[in-house]
Amino acid sequence: MVAADVRLAAPRGRAGTRLEVRDVSHHFELEGKTLPVLDGVTLQAEPGELVALLGPSGCGKSTLLRLVAGLDRPRSGGLLVDGTPIDGPDPSRVVVFQDPTLYPWRTVYGNVALGLEARGLLRSQRARVDDALELVGLSGFDRAYPHQLSGGMAQRAALARALVNEPSLLILDEPLGKLDSLTRISMQTELVRLWRDAGFTALLVTHDVEEALFMANRVIVFSDRPARIKAEIVVDSAYPRHRDDPYLVDLRRRLLELLGCAP
Amino acid sequence: MTDTDVTTLAASTDVAGVEPRDRSAGSVWFGGIAAAAAWLIASLVTTSRPDVGDWSRTDEFAIALMATAAALAVAAIAARWIGPLAARLRTATPWLIVIPLAIAAWEAVTAKFPVLPQPFFPPPQALIEVYTDDWQRLGTSVLHSLRLLAIGYLLGATAGFLLGVSLGWSRAVGYWVHPVLRLIGPLPATAWLPLAFFAFPSSWSASIFLIALATGFPVTILTWSGVAGVSGAYYDVARTLGANGRFLVLKVAIPAALPHVFVGLFMGLGASFAVLVVAEMLGVKAGLGWYLQWAQGWASYGNMYAALLVMALMCSGLITLLFRVRDHLLAWQRGLVRW
């Protein structure tokens, strides 16, 4: 009985994993020149934590995410999930990119079903697609094609495509960067709700200070390229948060100072 | 779900679903009366005076023109009761007037006044004569052509598609095939004709090879460029969701490349027509190309024009078929060219 109770009480989906990034450095070779992008980055995310990676555009945050996703290998250093080294992409670590990158030839349903289909689970677990669509508020749009969706809806569909895999680590690469400000604000609230309900660990890359403070447990500030960790700020505030909370406003000023943008 | 999202979707479906209403729908179709008059003129020109040559279907032709005029007149008056048909006829009004006038002019300068030299420019009733008296030979020729074309085209398109996908996917295939493709591909398939006719056991199999070759080249190149041009982000998405290589090819690369593939299939179809006709004229003893050659040999120019018209309809029909298949498979694309 006790076990059953615990399971009921646990959030839906897999529990979050622990991510460790140990002294990771990375560079690109461009026309014979070496372009360093990451310089000795060490960080960790505890299970169920939402960590924001904040830094100027093009500083190398997205490169770090590609390494965490397993899409690229670091030149030096190590990345571990629950103590196991990352050696390739895995559906337990799903990325939501800045562009929704929905497949235009598939309906919303077909796009969301992608992960289950790729792993041969679609036939037996069809209902999960409908659940994911409902979770992001896209029920009834399953037969629409991506070109019929607004930017916000497309990004919701991309989110559903990630969530349907019940990831233990959700990697968000400026997922709201291209949305209009009103849609962005409402999506931030929804993302926090989804994360708190599901209990996965989340990495959020953003260059929006307010977004980081509104959503994250911890904010890691990166320097300009090559990206080094400049500071780490714990956001000790309960959810749901209010954007005009004096504590957050104070943190916002400190973060802007760190980024060199304060007046 | 926000309200803006809903309205965006609703607006986009509206645009596709609503057809503009024709305000004139329902009343008498006055253009139809003009069209009926034009067909009547064509009929009167045909019966106006005896033919300068010996054509056996002049009367039947005149009656057919008259019947068309009558049918159009009835449709013009009854427009309000025949709904969708009337709407389609209305949009065709200019054509329905110009076609009979062109026929009347053609009739006048060939059968009634010897303006154009005979027998090189037969009148319309000479074509009617071919269709009524020689339809069996013409029909057999169409079937032969279609069989040859279908086998050659499907072989070439399949081979080109597979080759194009492997070129886009595999570096090793690219290394070996690309130079060969660059050398051989641009060569017109018809240049192989003399070689193919002695290298293959029959002119028929040689023609299959040539048609396949002509089709295969554009399909290969376009499929290849389609697969090579697929955005890396599409692969990233699939890989993070647990896709294997097979899934990446079948469910990402190929569907993403399909618009290009269809351009290749279209170009290949055009090239295959050219090779078909040449092959039939020079080697194969059947088909529309052979029929054209045969008619010219007997100086039966009526048969030649009749066969040309049938060939035009066949080729156009096949292109239409290809576009229908494309529209069905690429329904997700916006702004497709209508054929």
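## Briefing on a predicted two-chain model

The secondary structure of chain B amounts to 14 helices and zero strands, where helices (H or I, at least four residues) and strands (E, at least two) are DSSP runs numbered from the N terminus. This is a predicted model, in which local features need pLDDT of at least 70 and side-chain atom pairs count only at pLDDT 80 or more, while totals for chains, interfaces and linings use all residues. Residues are numbered from 1 along each chain as its sequence is written, and chains are lettered from A and ligands numbered from 1 in the order in which they are written.

**Overall form of chain B**

- Read along the sequence, the pattern of chain B is α-α-α-α-α-α-α-α-α-α-α-α-α-α.
- Chain B is more spread out than a compact globule, because its radius of gyration is 26 Å, well over the 20 Å that the globule rule gives for 339 residues; the radius is taken over C-alpha atoms, and the rule is 2.2 Å times the number of residues to the power 0.38.
- The C-alpha trace of chain B spans about 80 × 70 × 30 Å along its principal axes.
- Of the 339 residues of chain B, 36% count as buried, a residue being buried if 20 or more other C-beta atoms lie within 10 Å of its own, exposed if 12 or fewer, and partly exposed in between, with C-beta atoms placed from the backbone.
- Among contacts in chain B between residues at least 6 apart in sequence, 75% join residues at least 24 apart; two residues are in contact if their C-beta atoms, placed from the backbone, lie within 7 Å.

- Helix α14 (residues 301-329) of chain B has 29 residues and should span 42 Å at 1.5 Å a residue, which agrees with the 42 Å between its end C-alpha atoms; the expected span is 1.5 Å times one less than the number of residues.
- The buried residues of α14(B) are Gly302(B), Asn303(B), Met304(B), Ala306(B), Ala307(B), Val310(B), Met311(B) and Arg326(B), and what covers them includes α6 (124-133), α7 (135-169), α12 (245-282) and α13 (288-297) of chain B.
- In the loop between α13 and α14 of chain B lies Ala299(B), which has a positive phi of about 55° although it is not a glycine, and which counts as exposed with 10 C-beta neighbours inside 10 Å.

**Sheet and helix in chain A**

- Four strands of chain A form an open sheet in the order β2-β1-β4-β5, with antiparallel pairing; two strands pair if DSSP finds at least two bridges between them.
- β2 (33-45) and β5 (84-85) of chain A stand at the edges with a single partner strand each, so one side of each is left without a neighbour in the sheet.
- Strand β4 (residues 76-81) of chain A pairs with β5(A) in the antiparallel sense over two bridges, and Leu80(A) stands opposite Pro85(A) in β5(A).
- Helix α9 (residues 246-258) of chain A has 13 residues and should span 18 Å at 1.5 Å a residue, which agrees with the 19 Å between its end C-alpha atoms; α9(A) is followed by Gly260(A), whose phi is positive, near 75°.

**Where the chains meet**

- In chain B, 21 residues are in contact with 29 residues of chain A.
- The elements giving two or more residues to the side of chain B that touches chain A are α1 (3-17), α11 (232-240) and α12 of chain B, and α11(B) gives the most, with seven residues.

**Nonpolar cores**

- The largest nonpolar core has 137 residues, and those with the most contacts inside it are Ala160(A) and Leu203(A); such a core is a set of buried Ala, Val, Leu, Ile, Met, Phe, Trp, Tyr and Cys residues joined through C-beta atoms within 7 Å.
- Helix α10 (residues 203-228) of chain B provides the largest share of this core, 15 residues.
- A second, separate core of 18 residues includes Ala35(B), Val45(B), Ala75(B) and Ala86(B).

**Backbone details in loops**

- The peptide bond from Tyr239(A) to Pro240(A) is cis, with omega near -10°, and Pro240(A) lies in the loop between β10 (229-234) and α9 of chain A.
- The peptide bond from Gln118(B) to Pro119(B) is also cis, with omega near 5°, and Pro119(B) lies in the loop between α5 (93-112) and α6 of chain B.
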